[in-house]
Amino acid sequence: MALRNAVMAALLEGEASGYDLAKGFEASVANFWMATPQQIYRELERMAGEGLVAARVVEQERRPNKRLFSLTEAGYGAVRAFLAEGSAKPLAIRDELLVKVQCVDLGDPGAVDAVRAEIVRRTERSAAKLARYERARERLLAGRTEAEYCGTGERIGPYLTLQAGLALERANLQWGELALRLLARRTARTGAPVGG
């Protein structure tokens, strides 16, 4: 999948500046697509050149003018064409921490401690993301039940992708807790670090 598809998905929420899109990626599509602000700005320029988005300038006092982007009819057509493509690639995981965990049995005490510390950092990041996604879910539902939202909400896609992000972060937390518990048990049982 190209970044442009994720940008177009974010623009389905409405007109936005490059800055708004970069911030919105954190809140709306970060649970399934990551991009830097620079990547988003470059992609917006390419998409504008191809007629997929239109930009208008908004003059601001005491601030630089900003450009707001919106999907054009060609952009909506590109989203529809993307939806019709039948070859979604399967999820591929490339995770450096998991490679280190795979090798943890060979580590000296310092290396094992470093792996544990990284697992702790990952669980802390997952907990923070989970809290952010839970707040986003509450905003999206706006006091409605899931059934009410799905029955009356304008769009269900953002809710479904948010649910995928919630599930992923919950799984990351569960795995991190399991990994830390088993590494500690192994150290306690052997009287030495895992690699000792």
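# Chat about a predicted model

Visitor: Where does R62 sit?
Guide: R62 is in the loop between strand 2 and strand 3. Strands here are DSSP runs of E with at least two residues, helices are runs of H or I with at least four, and both are numbered from the N terminus.

Visitor: What should I know about the model itself?
Guide: The model is predicted: local features need pLDDT of at least 70 and side-chain atom pairs count only at pLDDT 80 or more, while totals for chains, interfaces and linings use all residues. Residues are numbered from 1 along each chain as its sequence is written, and side-chain values use heavy atoms, with hydrogens and water left out.

Visitor: Back to R62. Buried or exposed?
Guide: R62 counts as exposed, at 86% relative accessibility. The cut-offs are under 20% relative accessible area for buried, over 50% for exposed and partly exposed in between, with a 1.4 Å probe and protein chains only. R62 also has a positive phi of about 60°, although it is not a glycine.

Visitor: Which other residue has a positive phi, just after helix 6?
Guide: A142, with phi of about 50°. A142 lies in the loop between helix 6 and helix 7 and counts as exposed at 55% relative accessibility.

Visitor: What order do the strands of the sheet have?
Guide: The sheet is open, with three strands in the order 1-3-2 and antiparallel pairing. Strand 1 (16-17) and strand 2 (53-58) are the edge strands, each pairing on one side only. Two strands pair if DSSP finds at least two bridges between them.

Visitor: How many bridges join strand 2 to strand 3?
Guide: Six, and the two strands run antiparallel, strand 3 being residues 66-71. V58 stands opposite K66 in strand 3.

Visitor: New topic. How far apart are the end C-alpha atoms of helix 6?
Guide: They are 47 Å apart, which agrees with the 48 Å that the 33 residues of helix 6 (109-141) should span at 1.5 Å a residue. The expected span is 1.5 Å times one less than the number of residues.

Visitor: And helix 1, how many of its residues are buried?
Guide: Eight of the nine residues in helix 1 (3-11) are buried, so this helix is largely enclosed by the rest of the structure. Among them are L3, V7 and R4.

Visitor: What does R4 form with E43?
Guide: R4 and E43 form a salt bridge, with the closest N and O atoms 3.0 Å apart. The pair links helix 1 with helix 3 (37-49), 39 residues apart. Both R4 and E43 are buried. A salt bridge needs a side-chain nitrogen of Lys or Arg within 4 Å of a carboxyl oxygen of Asp or Glu.

Visitor: How many salt bridges does the structure hold?
Guide: There are 14. One of them joins D95 and R122 at 2.7 Å, N to O. D95 is in the loop between helix 4 and helix 5, and R122 is in helix 6, 27 residues apart.

Visitor: Last one. What about aromatic pairs?
Guide: The count comes to one aromatic pair. The ring centres of Y149 and Y159 are 5.5 Å apart and the planes are at 40°, so the pair is tilted. Rings of Phe, Tyr and Trp (its six-membered ring) pair with centres within 6.5 Å; planes under 30 degrees apart are stacked, over 60 edge-to-face, the rest tilted. Y149 and Y159 are both buried.
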